[in-house]
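Subject: Structure for you to look at

Dear colleague,

I am handing over the structure that we spoke about, and below it you will find notes on what was found. Please read them with the structure open beside you.

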Amino acid sequence: MTERLSPSRDAVARPDSDQPPLPPARFAYDRTTWKEIAHLLANLPVSVFGFVYVATVLFTGALMTLTVIGFPLLAAGLMGARQLGKLERARARGLLGVRVDEPSPLPLRGGRNGFFPQLWLALKDPVGWRTILYDFIRLPWGILTFTITLTSLFVLWPVLPFIARGLANADRAMVRGLLSPSDELERRIAELESDRGVVVDTAAADLRRIERDLHDGAQARLVNLAMGLGLAKEKLLEDPDSAAAMVEEAHGEVKLALQELRDLARGIHPAVLTDRGLDAALSAVASRCTVPVKVTADLLSRPAAAIEGIAYFTVSELLQNVSKHSAAKSASVDVWRSDDRLLIQVWDDGRGGARLDGGTGMRGLADRLDAVDGLFVIESPQGGPTTVTAELPWRDRVPGEG
């Protein structure tokens, strides 16, 4: 059984190959030809309106930028241009058969981002600026197509279907080129928005875990320690032997509290990882595993601290799963660099059957790696063995980085 978590989001704009082919142009005027003629004749009034809007927005916005009010006006004009683009896509969809999906809306979030971040977001909106460019260059084209189409209706009507097809194809190209969302950019924005949510949720869960461990562990022990020392202080003169016994018990509580704090600190970011790197830190994790683990780290340099930390915790959780669920007799951890990727492979000879939805934390690991452009692959047939491969982007370590 192999499971792989990799980007699988739908592309924002459908490729042209998904669209049904147009019927060939012919001398007889069919439905498609009449739609193309209607589109070409409507180019003039639509392009005049679009050009006037763009000229007004650009002129007024540029002039008013000398004052504070100019930038909000320009941002509002760009958001209005988005609506013009939406109308043009609808017209092209209805008359030319060009199926172009709508771009993602601006993530304004109802004003929660603050006024100036929202203003900057609107001012740098690529969809709005591409629509401005589209409407700006359409005026001469609209005049040309209207004139040729109207003249051809009376003079060149036998070959008008072929003329209309050529002009309409140019229109189709403009719509796809300027009014289509950028597939890769839109996909990447959607991924980043999703991954940001995963990172926020993971960080919140980690904070809750740390708070719970502190409250239930070290904090409770320190409270007991304070109470014990208070009682020992009261009995110090009356019953020195009992006071000594209480101090001895408090000393034991101090040791346990220190050990719990060390374990908690190791769970946040182990000192050995900061001081000695991934090889030593993974060897320390492997020594605590209930299964013999062979660690091989072939790294000539250290990656960035964030990448190193994710790699460490990935291996740590995988080895915990090996200890708890695999019933394995041996395991291995291999870490190496391949070009601009850090690769991790954890293998064990246990019972297998590991899955992303198996309740062993695999899904959380996969989401954490996906949030940083990583990959997570599980090969775990029933009966074993299990091989988990993780991929992380390699980023060089900044000098002085902890």
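Over residues 139-160 the chain is 77% helix and 0% strand, with the end C-alpha atoms 22 Å apart; here helices (H or I, at least four residues) and strands (E, at least two) are DSSP runs, numbered from the N terminus. This is a predicted model, in which local features need pLDDT of at least 70 and side-chain atom pairs count only at pLDDT 80 or more, while totals for chains, interfaces and linings use all residues. Residues are numbered from 1 along each chain as its sequence is written, and side-chain values use heavy atoms, with hydrogens and water left out.

The stretch 139-160 is one of two that UniProt, in an unreviewed entry, gives as "transmembrane region", the other being residues 51-81; UniProt positions are in the numbering used here, feature names are shortened, and annotations may be inferred rather than shown by experiment. Over residues 51-81 the chain is 84% helix and 0% strand, and the end C-alpha atoms lie 11 Å apart.

Q83 belongs to helix α2 (residues 70-95). With a relative accessibility of 48%, Q83 counts as partly exposed, given that buried means under 20% relative accessible area, exposed over 50%, and partly exposed in between (1.4 Å probe, protein chains only). Although Q83 and G128 are 45 residues apart in sequence, their C-alpha atoms are 8.9 Å apart in space.

Helix α10 (residues 305-326) has 22 residues and reaches 30 Å from its first C-alpha to its last, close to the 32 Å expected, where the expected span is 1.5 Å times one less than the number of residues. Because 16 of its 22 residues are buried, α10 is largely enclosed by the rest of the structure. Just after α10, A327 takes a positive phi of about 55°.

The count of aromatic pairs comes to two. The rings of Y312 and F313 have centres 5.1 Å apart and planes at 80°, so this pair is edge-to-face; rings of Phe, Tyr and Trp (its six-membered ring) pair if their centres lie within 6.5 Å, and planes under 30 degrees apart count as stacked, over 60 as edge-to-face and the rest as tilted. Both Y312 and F313 are buried.

Finally, strand β5 (residues 375-379) has four of its five residues buried, and β5 pairs with strand β6 (residues 386-393) in the antiparallel sense over five bridges, where pairing requires at least two DSSP bridges. E379 stands opposite T387 in β6.

With best wishes
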